[in-house]
Amino acid sequence: MPFELAQRIKTLPPYLFAELDRRKQEKIDQGVDVIDLGVGDPDLPTPAPVIEALKEAAENPENHKYPSYVGMKAFREAVSGWYRRRFGIDLDPDREVITLIGSKEGIAHFPLAFVEEGDIVICPDPAYPVYSIGAKFAGGEPYFVPLKEENGFLPDLGSIPDEVARKAKIIWINYPNNPTSADASEEFYKDLIKWAKKNEVIIASDNAYSEIYLGDRKPMSILQIDGARDVAIEFHSLSKTYNMTGWRMGMAVGNEDLVKALGKVKTNIDSGQFNAVQYAGITALNMPEEELDKLRAIYRDRRKAVTSALEKIGLSPIKSDTTFYVWTKVPEGYSSTEFVGRLIDEAGIVCTPGKGFGEAGEGYFRISLTVPTERLLEAVKRIENLKL
Ligand SMILES: *Cc1c(COP(=O)(O)O)cnc(C)c1O
């Protein structure tokens, strides 16, 4: 029986990484020592106390039942406490916090609450693909704003035409940014809030990398800005901060009506995250800050080492002290896909081509700092030997 795919699946952009995955597997099959700098998945283990908390909670039959749709109160309180300590803001755990099964889940589902057929959702380019795909699944149309190097990889709000702004329901932002590694200033957040209020557009801020900072300046939450709570929801995740990508723990916080609407969608789709995982999440959120300092020190060393090694061989990595990505210009004469293809075929190195994150990512490639320093340096040495 021929199964006809729905338009929303048929019209998905081609999966650019499929071909690269194939070539990577080919190298592995040939016995090549492949260095994978492609995935944004921390190599370090989840902290031991978090694992202990899961084990203990998993033994308790009370936790074997359906969890609460909006997440355990104790987890939402832990989120609220964490936001107070980290950002100095008070969130009502009952009205302004919701638990997510990883932040991707919330990001993908959020447009279902607000987007009607044909509504515009403004998405950055390059970006995490879930913003635009979630918008399309809800019947919306993404409008892409390029993140240009000359603008510090911030969207130029003035470049968004009035009729687009008028028809837009949501604008997505993500700072510290994957893939460009840029962070946003307080000034930018203020301008964005002003713009969003004027145009009656919801701000959806993805703050997954707020704790991956390497310098003294800590990234902000948009909710620290006056008036943000009138228009903004912030998506956050335990994945990157606590090396917990496999655990699927995230949260959305901010404007009460936005949080409530997302809850309504979720209540009709999923049944919440396993309570034992939420208990583990509470342990993570209450971990001493020194643990995170150790993690940041590791990423700092890796970034420093790989940035200076890349510069020595004539490449131009973007300077940054947030995220664990190094966004780097591809050498003259290559497209990002061609260059990354050469890295796999001739050097056994997997990186992500900028174009995989959108048209405006062309001309760059992304290195993840999720392998030890010596492997990063080995990768740069192999690139040097290519004599580009
Ligand atoms: C990793 C990442 C997330 C977090 O995803 P989870 O579903 O919480 O694991 C969200 N946004 C961006 C941009 C990311 O890179």
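Where does F153 lie? F153 is located in the loop between β4 (141-146) and α7 (162-167), where helices (H or I, at least four residues) and strands (E, at least two) are DSSP runs numbered from the N terminus.

Good morning. The model is predicted: local features need pLDDT of at least 70, side-chain atom pairs count only at pLDDT 80 or more, and totals for chains, interfaces and linings use all residues. Residues are numbered from 1 along each chain as its sequence is written, and side-chain values use heavy atoms, with hydrogens and water left out.

I begin with backbone torsions. F153 is not a glycine, yet has a positive phi of about 60°. With a relative accessible area of 4%, F153 is buried (buried means under 20% relative accessible area, exposed over 50%, partly exposed in between; 1.4 Å probe, protein chains only). E200, also a residue other than glycine, has a positive phi near 55°. This residue sits in the loop between α8 and β6 (202-206), and E200 is exposed at a relative accessible area of 69%.

I turn to the peptide bonds. The bond from D125 to P126 is cis, with omega near 5°, and P126 belongs to the loop between β3 (120-125) and α6 (130-137). The bond from Y175 to P176 is likewise cis, with omega near -10°; P176 has its place in the loop between β5 (168-173) and α8 (186-199).

Finally, which residue is found in the loop between α1 (7-10) and α2 (17-29)? That residue is L12, which counts as partly exposed because its relative accessibility is 30%. Thank you.
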